[in-house]
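Hi there,

Here is the structure I promised to pass on to you. Have a look at it first, and then read my notes below.

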Amino acid sequence: MYEKTKYLMAGDRALVMEFGNAISEEINNKIRSMTAAIEAQNIKEIVEFVPTYRSLMIHYNPLKISYNQLKNTLEEVEKRLGSIELPLPQVIEIPTLYGGDYGPDIENVAKHNQLTVEEVIKIHTSKEYLIYMLGFTPGFPYLGGMEERIATPRLESPRTKIAGGSVGIAGGQTGIYPIDSPGGWQLIGRTPVPLYDPQRETPILLKAGNYIVFKAIGEEEYMEIEIAAKKGAYHCKSYPKKHGGDEHGTN
Amino acid sequence: MGQIRIIKPGLLTTVQDLGRSGYQQYGVTVSGVMDNASARLANILVGNDEGEGLLEITMLGPEIELLEDMVVAITGGDLLPVLNGNAVAMGKSILAKSGDRLAFRGVKNGCRSYVAFSGGIQVPILMGSKATFTRGSIGGFEGRALKTGDILTIGDPGKPLNLLIGRELRESWYEYNQTIELRVVLGPQADAFTEAGVKTFFSNAYAVTNECDRMGYRLEGEKIQHKKGGDIISDGIAMGAIQIPSHGQPIIMMADRQTTGGYTKIGNVVTVDLPKVAQAKPGDKIVFKEVALEEAHRLLRELENKIEAFKNQCAGKERLVINSRKFHLKVNGKPYEVMVEELKS
């Protein structure tokens, strides 16, 4: 993390607060705090913001506020960050059916790492993954913190269509495809919960700065949740993240 | 309520508005019109809110049948619009009758036209916007470009149509040149380039390649030198950001850009010059000129004042005109169209 946050111009309607030049939980935490503090301030000249791995892009209305005024306001907010009580990040439980047709590559992952399928599931479900940012497609979470023990290279030849909800591994990363898309991830399972549903009151399920945890479910439960989710009657379990973090994925 | 029917869809005809803001933090692309000023002016011309849903058409225009009387205005690039085969003036609100056919004959200048209908195009509002994002099948008409046979609903204009006709943009809002000058504010990663690289960028012309669409414009020209390559840890991308990956060629990011990206951005095209990008075609040449942020903001205020003044002028006219009627006259065998407006004294 930089000692002093960098303020960068991104054209005449956006500025970037850059907090560091690395992918780290510490930097991302600062972004989450800053985002929450700005939201609490309700600065109406701000149109929207985009948190990323190590920066926060702020789109503003230059007809209402100058760059320098906005920068001063943000510096003030940043100074007071330490004294603001922030809600704890949430951990959202993602029910996932592993293996079979839903996760056709789970055996690749097991074989590559000399594990059993059960061990892969156990390792994958044992961690709370930080949502560093959303991007690429609506609702796609860039997750951090997967165990090296289940890291597996991408498929040599990408699939042309991967079903929305598919859970996969690509190198040292894990993720969920929100919508049908092509891709080369090793698919290990699928969740019946839509990450993106434009008709839902909250179209995007996840938010940067929160965490997700995968929970293994059976086929029957998958079907039940799928039906309930279609009616808008399924809500993921969530709970505040415990302090001290589970750095190594072992609660 | 009226309707329009798409007889031929053209190259790429979509329902757009001023974009889907507020959801970029969730990875949702802003989309919306490429040429913001032209779209707003088209809506003002037909008496709509500036941000109403309208059609963005690209190069090869569609053919559209109007199924109800309505007021129509076309702005932006001139794609040679015709109504029932007769040329239609750009930048002017006209009354079109039920059964009339609007078509486009080819590119005179620019690349994208905006067609506004009094009452606006009615499609579901998704995440606060009517904009179509075709890559994600989001918004607009069924999340896609229009096809033959599509029937779109047009809203109620809320006032008599004869109060909306005869509005006109009397001056041209920008010139179409084959060499386009774009003013640029440096940043956020201008310091990722060598001094020579920045100099190269500002002192050479870059050609628009065939790879130019609503997502971005790939340009080609003198290679721009980085200090240490063009990759960064992904951060946000504003409209008009000029991304330069390691290959050293610029890409101007436009309406359908992804929300975040991992390439260095040398600078950002100023807002008032974005319509020039939207109207640029393959083969056009682009030169970049550095301006200070304050200058970009001054230019923006100037443009906004001009749009506001035009809006007030239209609203003023609306209040004055109590009634207007059109007559078809023949003088010495030649047909004339005469409009008589009854003004409030």
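How many helices and strands does chain B have? Chain B has 4 helices and 23 strands; both are DSSP runs, with helices being H or I of at least four residues and strands being E of at least two, numbered from the N terminus.

Before going further, a word on conventions. This is a predicted model, in which local features need pLDDT of at least 70 and side-chain atom pairs count only at pLDDT 80 or more, while totals for chains, interfaces and linings use all residues. Residues are numbered from 1 along each chain as its sequence is written, chains are lettered from A and ligands numbered from 1 in the order in which they are written, and side-chain values use heavy atoms, with hydrogens and water left out.

Chain B

The C-alpha trace spans about 70 × 35 × 35 Å along the principal axes of chain B. Buried residues make up 57% of the chain, where buried means under 20% relative accessible area, exposed over 50% and partly exposed in between, using a 1.4 Å probe and protein chains only. Of the contacts in chain B with a separation of 6 or more, 73% are between residues 24 or more positions apart; a contact means heavy atoms within 4.5 Å.

B:M59, in the loop between β3 (54-58) and β4 (63-66), has a positive phi near 55 degrees although it is not a glycine. Is B:M127 buried or exposed? B:M127 counts as buried because its relative accessibility is 7%, whereas B:M59 counts as partly exposed at 26%. B:M127 also has a positive phi, near 50 degrees, and lies in the loop between β11 (121-122) and β12 (151-154).

Chain A

Chain A has 5 helices and 14 strands. Its radius of gyration is 20 Å, close to the 18 Å that the globule rule gives for 251 residues, so chain A is as compact as a globular protein of that length. The C-alpha atoms of chain A fill a box of roughly 55 × 40 × 35 Å along the principal axes, and 54% of the residues in chain A are buried.

One residue to look up is A:E93, in strand β5 (residues 90-98). A:E93 is buried, with a relative accessible area of 17%. Leaving out residues up to four places away in sequence, A:E93 touches A:V213, A:K215, A:C236 and A:K237.

Where the chains meet

The contact takes 40 residues from chain A and 35 from chain B. Together the two chains bury about 3100 Å², with 62% of it on carbon and sulfur atoms; buried area is the accessible area (1.4 Å probe) that two parts lose on being put together, summed over both. On the chain B side, B:Q25, B:Y26 and B:I233 supply 23% of the area that chain B buries against chain A, more than any other three residues.

Enjoy exploring!

Conventions
Rg over C-alpha atoms; globule rule 2.2 N^0.38 Å.
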